Amino acid sequence: MKSGVRGARGKLAGIPGEVMFGVWLKANGQETPDGAECYKAVSEGPRLHRSGDSLCVGVTPGLLPTPSTKGWWPHRLARGGAPQAGRRPPAPVLAEEMELRGWLPLLLRLGLMWPLGAPSEPRLRVFVVPHSHMDVGWLHTVQESMQAYVTNVYNTVVEELTLEKKCRFIAVEQEYFRLWWDGVASEEQKGQVRQLVAEGRLEFVLGGQVMHDEAVTHFDDQILQLTEGHGFLYDTFGARPQFSWQVDSFGASATTPTLFALAGFNAHVISRIDYNLKEAMQKNQQLQFVWRGSRSLSAQQEIFTHVLDQFGYCSEGFNWDGEAIFPGTPLNGMYLQMQIPVTEDSIPNFTSLLLNNVLTRASWFRTPHVLWPWGCDREFLNASLQFANMDIIMEYINSHASEFNVSMEYATLGDYFRAVHSDQVAWQVRDHHDFLPYSSDMHHAWTGFYASRSGLKALARRASALLYAGESMFTRHLLLAPHPHLDPAWGLQQLQQLRWAVSEVQHHDAITGTHALKVDDMFVEHLSSGMQGVHTLMASIIQDRSPAHSGPESAGRLAVVYNPLAWTITTIITMTVDFPSVSITDESGRPVPAQVQRSKETPSAYDLHVLTTIPGLSYRHYSIQPRRSSQEGTGEPKPSVASTQQFGRRLRRRGGRVGRNLVPVVNDCYIIFLDLDTNLMHSVWERQSNQKVHVTQRFMEYHAITDFSKGPFADNYVFRPDGRAEPAWEAVRMEIVAGPLVTEIRQDFYREVNDSEPTFAIYSRLAHGPQSSDGELLCHRIEQEYRVGPLELDREAILRTSTDLNTGRVLYSDNNGYQMQRRAYRQDPWNTIPWNYYPMVQSAFIQSRRSRLVLLSEQAHGVSSQGNGQVEVLLHRRLVNNDPAKIIADLTLNDTSVVHPVFWLLLGSRNLTSGLRQRSGLALQHRPVVMLREMSETARRGSGSRQQEAVMLPPSIHLQILSIPGWKYSSNHTEHLRTLQKDRNRAAKADLRRVLLRLQHLYEVEQDPVLSQPVTVNLQSVLRGLGSLVSVEERSLTGTWNVSEMHRWTWSTRDPPRHRGSSSQPPPPPGDPEVTIYPKEIRTFFIHFQEQ
């Protein structure tokens, strides 16, 4: 139980409940022994009683924090009746006889904070920050939410702020605000908003399309959704968010501080961190700190971080406008659960409740400034009613500020942080470690969502990869005229639609899989529609590149292959064809290396594997035709047909010797040994280091606890197994399909021995590519695709890879694809298995002293090391619990789908895998795009496609984005603001010669002796294939700041700053096309090209 001082004028009641005891406090905070006298005084009169230099405080039951799905909610203890467990009945006892564990340290601190003399200024300054938390898809679709409450929130907030100058509000999710602005707001309302923004009374915080998840999102997509929101705000208002509000994401990533610092933020707010850690941080006043999220960038990109206390972002008991009603606004204007308005009689209760909460919070922070979030999910449906009631309470407190020693004011987040910053406190520094995983209490580890709705996670990443390729294709094509078949405005519209869909699904209740089924349908529809538009755009670009001709028709297809990475890649692309005997030639008519085999998924079709080498941002064209009988015997090379070895089903072994009957699969980098007694992988020999590692892979399942009546249970968020994982199969069938380009190992796992269809499968592929530097990534990987499902009810499927590496159960997993975190195994008396699961967005590895096994993934999963030498990946979940609330909301996970996750495995020395991991991860994420066209109107061989100069970067530098955003604003901030003032309804055209370029250094300091070095890049030289470069501007991460004008706040710290990277170097002259990029830096530029 947590209690605080209730100040009062006259007989000011506390939270309902009688005085339990009285405590004397002196000015120095020491207690006097007159407890009985104090109790008598406060029982019969005011709750505060002064006598000389001492203060008598009457203590009533306090606020008991209890967890809920959407935050920590204060709970009022019941009044009267039988004493509750852990609560003593009211009695006139001495304070020293009470157990003082929970309340006395707090009271003593408050005694020091509350001087007995009459202060000239109130000791505590409370910043009441009004907000409404609007989930962009959780229980309701975006359209339903717009109709039910979002429109009312913005309509009434704008009206109230316009009428009352003292009122403030923060707006967070830009998808909703943009929809309201574009589709609802009148011209009068738009004018009012512009005025409110200019005055700083309506403040945009975070400013992304959504409040993104931080566990299972890729940082490319986080940047995208921030860029889309920031671009809209800057284009519309000239506004640039400077504070974050990540208050509902399930855990906090160490990537976020770096990204937000690069975006120009001055402070960062988070909330959901492990309950044990938050409690300790509260006790030690460590909820505020300077976070240095990257060990390579150190203080260069640090940010001041505020962790909301255990009450979270909600303010229970101060919501007078009720709950939103779906599907729409009630005709009578009355909502459910509307709270009784504040009256003269109820002012004391509301005041006591608020002061109790404020004083409790104040004890957990180091400054006298209290951030008091006012709002919660879907609140401020009627802002006038909200402010009218809160006005009464705040005016009452402020009129007695000298007695309560508290002042209150409506504020924005910026108001609060400016006050904290002005105090010049020396803050603690936190290093590059994250706050994952998140547990809300000892029984609820929120690690299940790492794999919930695996299919949506895969679709979101595929959509992001397609967008990445489409952006650079469009940019290259548009900068090089002519483009007769392509309208640039239409092309931008297709890209914009997919940008918004990919941004939307980064929401913390979207890609996490923690939403209702109808909302899932909405996300899939938006992603699929956006992808279709970009596919159509790509087809138009191909048509422009390859004009059709009216020659004789021939059967077959033309394959256009595009490499979206800025490196030369050598890889194998796979296409499905209907005929086994094919002729495949390149742009010059030369036969190319290829292999044909029966499709693993469609027996009537064939997989055509083609070896290709493509420079950065370049194309290859291939003609694929049925092989004619006249071509036989001519000596013309033809694709090789793979041979197949089949091995019957082997029953699962429950003991006995294995490894006596091995068959090898070989390429120049690995030898994979397969055990014919089990049909499982047995070991892998890595040839460069001459190390053999025992490697076995098995599908297993956790049985989930889903019965609501039996206590804590598993759901979309929470992983709650009832014991250790068990084998999920009884038999394995295997076949080896071997050819000159690829050898494929197909393993089908059957749940029951006599099942006709497998529940699980592993398709492993080993390539036989060239051993050149371009082919290094191809040789050093074992490509795997898994088939998982449909699962039985209440099952959580994993793939466990067991090795003989001595790893000590230490795992390394990534933060959002940006950096790695060391994850030591942790014992927990309640929740050891789920507590040791972590998000894996792109990579994870285990290692011994000599060898490392790396897993690279196409999408997000949960990953853990539950045993020495083991790594397991949570691939798929199917749950149905009987919680009535979740059933009503359709928030269940009865996912009957079959999913197909893709992984690449790297095995080798630490030095070898350290150099390959980042580039291999990007090669998996951004594989070449293959576009097929029928050859009924095929291009003239070698004549239609215009050859463009490749865009090539050094191996440690990644082209993170090359895009024409289509923004209309001027890069000059002063000029842009002047334009907004002069012509608010301007119909400016998109600037199609301004390109957004972002480069990233892939390696950490000292990670690799060569690749970790700073790299100097001449942008004019690199981009010469795109046209004549006119100017270069370095910008903030989302493009809205010129970095030379972006002056972020400096926060005093206890540790001296350790700057790495460009901040310790003399800055280059503005506009210099030669830039030096240091380890882990992300640099963003506007590149202006000359008109053709």
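The legends below describe close-up views of a predicted model. Residues are numbered from 1 along each chain as its sequence is written, and side-chain values use heavy atoms, with hydrogens and water left out. Local features need pLDDT of at least 70 and side-chain atom pairs count only at pLDDT 80 or more, while totals for chains, interfaces and linings use all residues.

**View 1. The whole protein chain.** The chain has 21 helices and 49 strands; helices (H or I, at least four residues) and strands (E, at least two) are DSSP runs, numbered from the N terminus. Of its 1092 residues, 64% count as buried. Buried means under 20% relative accessible area, exposed over 50%, and partly exposed in between, with a 1.4 Å probe and protein chains only. Among contacts with a separation of 6 or more, 77% are between residues 24 or more positions apart, contact meaning heavy atoms within 4.5 Å.

**View 2. The aromatic pair of Tyr-154 and Trp-180.** Rings of Phe, Tyr and Trp (its six-membered ring) pair if their centres lie within 6.5 Å; planes under 30 degrees apart count as stacked, over 60 as edge-to-face and the rest as tilted. By this rule there are 54 aromatic pairs. In the pair shown, the ring centres of Tyr-154 and Trp-180 are 5.6 Å apart and the planes are at 35°, so the pair is tilted. Because Tyr-154 lies in helix H3 (residues 142-163) and Trp-180 in helix H4 (residues 174-183), the pair ties together parts that are 26 residues apart in sequence. Tyr-154 is buried at 2% relative accessibility, and Trp-180 is buried at 0%.

**View 3. The aromatic pair of Phe-699 and Tyr-786.** This pair is edge-to-face, with 6.2 Å from centre to centre and 90° between the planes. Phe-699 belongs to strand E28 (residues 691-703) and Tyr-786 to strand E33 (residues 782-788), so distant parts of the chain, 87 residues apart, are linked. Phe-699 has a relative accessible area of 0% and is buried; Tyr-786, at 2%, also counts as buried.

**View 4. A cluster of rings and two charges over rings.** Phe-127, Phe-243, Phe-304, Tyr-416, Phe-417, Trp-427, Trp-1049 and Trp-1051 are joined into a cluster by ring pairs. A charge sits over a ring if NZ of Lys or CZ of Arg is within 6 Å of the ring centre and within 35 degrees of the ring normal. Arg-781 has its charged end over the ring of Trp-904, 3.8 Å from the centre. Arg-994 lies over the face of Phe-1086, 5.1 Å from the ring centre.

**View 5. Helix H9.** H9 (residues 347-362) has 16 residues. Of these 16 residues, 14 are buried, so H9 is largely enclosed by the rest of the structure.

**View 6. Surroundings of Asp-748.** Asp-748 is in strand E31 (residues 742-750) and counts as buried at 12% relative accessibility. Not counting residues up to four places away in sequence, Asp-748 touches Ala-731, Val-732, Arg-733, Pro-758, Phe-760, Ala-761 and Tyr-763.

View 7. Gly-723 is in the loop between E28 and strand E29 (726-727) and, at 27% relative accessibility, counts as partly exposed. Its C-alpha atom is separated by 8.6 Å from that of Ala-704, 19 residues apart along the chain. Leaving aside neighbours within four places in sequence, Gly-723 is in contact with Tyr-702 and Ile-833.

Key: Expected span 1.5 Å × (residues − 1).
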